[in-house]
Amino acid sequence: AYLDSVQQDQEYNCEYARSNECGCYNNGDDYGTFEKCEYDCFMNKGMEYCVDNNPYAEDGGQQDEEDDWDLMDMVQCQQLNGGQYYTGAYCSSDGGSIVMGVFTDDSCSNLSDVYGGQEMYTTITGKELPHSTTTLIGNECMSCMEGADANYNDQQDADAVKEGCETLYLQAGKCEQGLNGGGSGNNNACQYMEGINMVYKD
């Protein structure tokens, strides 16, 4: 649900910038000029996730294979190149990140080496394992308010809350003691939350 929400936010942001901020539709019918205009606009805004290729590159700027990995696919435990190893996401030892690893089993429970499967991935593919040292999940705040576009997410329902946030809330463990409004709320996860110890590296 988190990654769904991130993906929906990014798609909305890209389309909003493309239609309302970049101004590239004013460049006439020259697609090459339009493509470069969009690329410059997105990169200047720090919206690299909107860019599929670099129109300034001689080879068309196609992304490397590891950059083409879809986050939605990455978090699922899946077979690596049809062999006996599997790739999937897991919690880092410090509890502050979710990273990619290579595993020896189809439930992605047993890492293939002490480096989280990084060596095994390089041995098999000759490349570095994406997101093996950088977290898949950011710790930045995300707005749960729907966008102004009537076609955004589930904007046509009765509330102003993103569908992804609604789903996350329903699925999440809760510790609602002390909330205003009376009632004890759902406190089934209070003990679990008290035991969480997350460490963020500088």
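This is a predicted model: local features need pLDDT of at least 70, side-chain atom pairs count only at pLDDT 80 or more; totals for chains, interfaces and linings use all residues.
Cys-175 is partly exposed, with 29% relative accessible area.

**Cys-175 and its surroundings**

Cys-175 sits in the loop that runs between α5 (163–171) and α6 (190–194). Leaving aside residues up to four places away in sequence, Cys-175 touches Asn-186, Asn-187, Cys-190 and Met-193. One of these, Asn-187, is 12 residues from Cys-175 in sequence, yet the two C-alpha atoms are 4.2 Å apart.

The contact with Cys-190 is covalent: a disulfide joins Cys-175 to Cys-190, with an S to S distance of 2.1 Å. The torsion about this S-S bond is 100°, and the link is right-handed. Because Cys-175 belongs to the loop between α5 and α6 while Cys-190 belongs to helix α6, the pair ties together parts that are 15 residues apart in sequence. Cys-190 has 7% relative accessibility and therefore counts as buried, whereas Cys-175 is partly exposed.

**Disulfides**

The structure holds 6 disulfides. With bonded cysteines counted along the chain, they follow the pattern 1-6, 2-5, 3-4, 7-8, 9-10, 11-12.

| Disulfide | S to S | Torsion about S-S | Hand |
|---|---|---|---|
| Cys-22 and Cys-41 | 2.0 Å | about -80° | left-handed |
| Cys-24 and Cys-37 | 2.1 Å | -85° | left-handed |
| Cys-175 and Cys-190 | 2.1 Å | 100° | right-handed |

Cys-22 and Cys-41 form a disulfide, their sulfur atoms 2.0 Å apart. Cys-22 counts as buried at 14% relative accessibility, and Cys-41 is buried with a relative accessible area of 11%.

A disulfide also joins Cys-24 to Cys-37. Cys-24 lies in the loop between α1 and α2 and Cys-37 in helix α2, so this pair ties together parts that are 13 residues apart in sequence. Both partners are covered: Cys-24 counts as buried at 2% relative accessibility, and Cys-37 is buried with a relative accessible area of 19%. The value for Cys-37 falls under the 20% cut-off for a buried residue.

**Helix α1**

Helix α1 covers residues 2–20. Its 19 residues reach 27 Å from the first C-alpha to the last, close to the 27 Å expected at 1.5 Å a residue. The buried residues of α1 are Tyr-2, Leu-3, Ser-5, Val-6, Asp-9, Cys-14, Ala-17 and Arg-18.

**The sheet**

An open sheet of 3 strands has the order β1-β2-β3, and its pairing is antiparallel. The edge strands, β1 (78–79) and β3, each pair on one side only.

Strands β1 and β2 are joined by 2 bridges, and the bridge partner of Gln-79 in β2 is Tyr-86. Strands β2 and β3 are joined by 6 bridges and likewise run antiparallel. Here the bridge partner of Cys-91 in β3 is Ile-98. Cys-91 is exposed, with a relative accessible area of 58%.

β2 and β3 form a hairpin with 6 residues between them, and Gly-95 in the turn has a positive phi of about 75°. β3 is mostly covered, as 5 of its 6 residues are buried.

**Aromatic pairs**

The count of aromatic pairs comes to 3. In one of them, Tyr-39 and Tyr-56 are edge-to-face, 5.8 Å centre to centre and with 65° between the planes. This pair links distant parts of the chain: Tyr-39 is in helix α2 (residues 31–44) and Tyr-56 in the loop between α2 and α3 (71–74), 17 residues apart. Tyr-39 is buried, with a relative accessible area of 17%, while Tyr-56 is partly exposed at 45%.

Tyr-90 and Phe-103 form another edge-to-face pair, at 5.8 Å centre to centre and 90° between the planes. Tyr-90 is in strand β2 (residues 86–91) and Phe-103 in strand β3 (residues 98–103), 13 residues apart. Tyr-90 counts as partly exposed at 21% relative accessibility, whereas Phe-103 is buried with a relative accessible area of 2%.

Key: Residues are numbered from 1 along each chain as its sequence is written. Side-chain values use heavy atoms; hydrogens and water are left out. Rings of Phe, Tyr and Trp (its six-membered ring) pair if their centres lie within 6.5 Å; planes under 30 degrees apart count as stacked, over 60 as edge-to-face and the rest as tilted. Helices (H or I, at least four residues) and strands (E, at least two) are DSSP runs, numbered from the N terminus. Buried means under 20% relative accessible area, exposed over 50%, partly exposed in between (1.4 Å probe, protein chains only). Two strands pair if DSSP finds at least two bridges between them. The expected span of a helix is 1.5 Å times one less than its number of residues. Contact means heavy atoms within 4.5 Å. A disulfide is a pair of cysteine sulfur atoms within 2.5 Å.
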